[in-house]
Amino acid sequence: VKRGGEEEEEKRRRRDSRRASNFHQLQPWHRRWEAGQTGFHLKHVHPALSAHLPELLEDGISAPHFPKTILVPLCGKSVDMPWLASMGHKVVGVDCCSAAVEELAAENELTVTRRRVGDFEQVLLQLPGSRAAFTFLVGDFFLLHPRVAGHFEGSFDRGGLVAMAREEREGYAEATAELMERGGRVLLVAVEHDGFADGKLGPPYSITEEEVRRLYGRRFEVELLERREVEEETRWRERGCTYFR
């Protein structure tokens, strides 16, 4: 058992190591945004979020409609964030690409206020004609600490875990768990497929239910809410998948 100071020092060293190693891993995402290669973006609220919002918000203590703190990791320019904020929830999105927040603000006519907080640019985005607002942190998710973001009662992960190569997933799941309140819930959207015609495995990477349970089972009670074939998404078959679910 390490003393508090030693444990904090070890975490600091781990963050410094991640800062150095993740720099090159993030560059492909910056190039995608610069080139406008954001086919993963949905122009509407994700159907899994709208369908399973009650399960995400239920904490066994407060009413489901009571405002919650909600994390959206690797959020891109997701419209899920202003949708949740419009209900009164305290929403924090995190993404490494500044282009994501610029496009999100422009496309949704959001008022922008910025300041620097540690490793992150903190952007406050206010909805038009409303007091509702949410926060966008521009930076490396792996470097996010509760001292900066606090702890969250809920998290909607639609594009985070599936963007992680196999060797990154353990650290990503750990980083997510460290940001959650005790009893907090993660609504996770994962996909399964048999690889793409160009030989690439992702992103989005195929992640089985068994792997989800392995990654999160020590810190969360894992429950499968829904499984379905994505038959209407012909673009996955065009990339060479024989199945995508």
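Predicted model: local features only at pLDDT ≥ 70, side-chain atom pairs only at ≥ 80, totals over all residues.
A disulfide is a covalent bond between the sulfur atoms of two cysteines. For this search, the two sulfur atoms must lie within 2.5 Å of each other. Good morning, everyone.

How many disulfides does a search of the whole structure find? It finds zero. Let us take two of the cysteines in turn. For Cys75, the closest cysteine sulfur belongs to Cys96, at 9.7 Å, which is too far for a bond. For Cys96, the closest cysteine sulfur is that of Cys97, at 3.5 Å, and this is also too far for a bond, because the cut-off is 2.5 Å. Cys75 has a relative accessible area of 8% and is therefore buried. Cys96, at 16% relative accessibility, counts as buried too.

In soluble globular proteins, nonpolar side chains tend to be buried together. The largest nonpolar core in this model has 29 residues, and those touching the most other members are Val94, Leu137, Phe141, Leu144, Phe152, Tyr172 and Tyr216. Strand β2, at residues 90–95, and helices α6 and α7 each supply at least two residues of this core. Which of the elements gives the most to this core? It is α6, with four residues.

Phe141 deserves a moment of its own. Leaving aside residues up to four places away in sequence, Phe141 touches Leu71, Pro73, Leu74, Val94, Tyr172, Ala175, Thr176 and Leu179. There is also a second, separate core of 27 residues, which includes Ile70, Cys75, Phe136 and Leu187.

Next, the packing of two helices. Helix α6, residues 166–178, packs against helix α7, residues 209–216, at an angle of about 45°, and their axes are 9 Å apart. With that angle, α6 is oblique to α7. On the α6 side, Arg166, Arg169, Glu170, Tyr172 and Ala173 take part, and they meet Glu211, Arg214, Leu215 and Tyr216 of α7. Sorted by class, this contact has four nonpolar, no polar and five charged residues.

Apart from residues up to four places away in sequence, Arg169 touches Leu161, Met164, Tyr205, Ser206, Ile207, Glu211 and Leu215.

Helix α2, residues 47–57, has buried residues as well: Ala48, Leu49, His52, Leu53, Leu56 and Leu57. What covers them includes β1, α3, β6 at residues 152–157 and β7 at residues 180–188.

Most residues other than glycine have a negative phi. Two residues here deserve attention on that account. Leu74, in the loop between β1 (69–73) and α3 (80–86), has a positive phi, near 50°. Glu109, in the loop between α4 (98–108) and β3 (111–117), also has a positive phi, near 55°. Their surroundings can be described by accessibility. Leu74 counts as partly exposed, because its relative accessibility is 24%, whereas Glu109, at 61%, counts as exposed.

Thank you for your attention.

Note on methods
Residues numbered from 1 in each chain as written. Heavy atoms only, no water. Buried < 20%, exposed > 50% of the residue type's maximum accessible area, 1.4 Å probe, protein only. Axes fitted to C-alpha atoms, helices over the stretch in contact; angles between N-to-C directions. Parallel < 35°, antiparallel > 145°, perpendicular 65-115°, else oblique. Contact = heavy atoms within 4.5 Å. Nonpolar A, V, L, I, M, F, W, Y, C, P; charged D, E, K, R; others polar. Core = buried A, V, L, I, M, F, W, Y, C linked by side-chain atoms within 4.5 Å.
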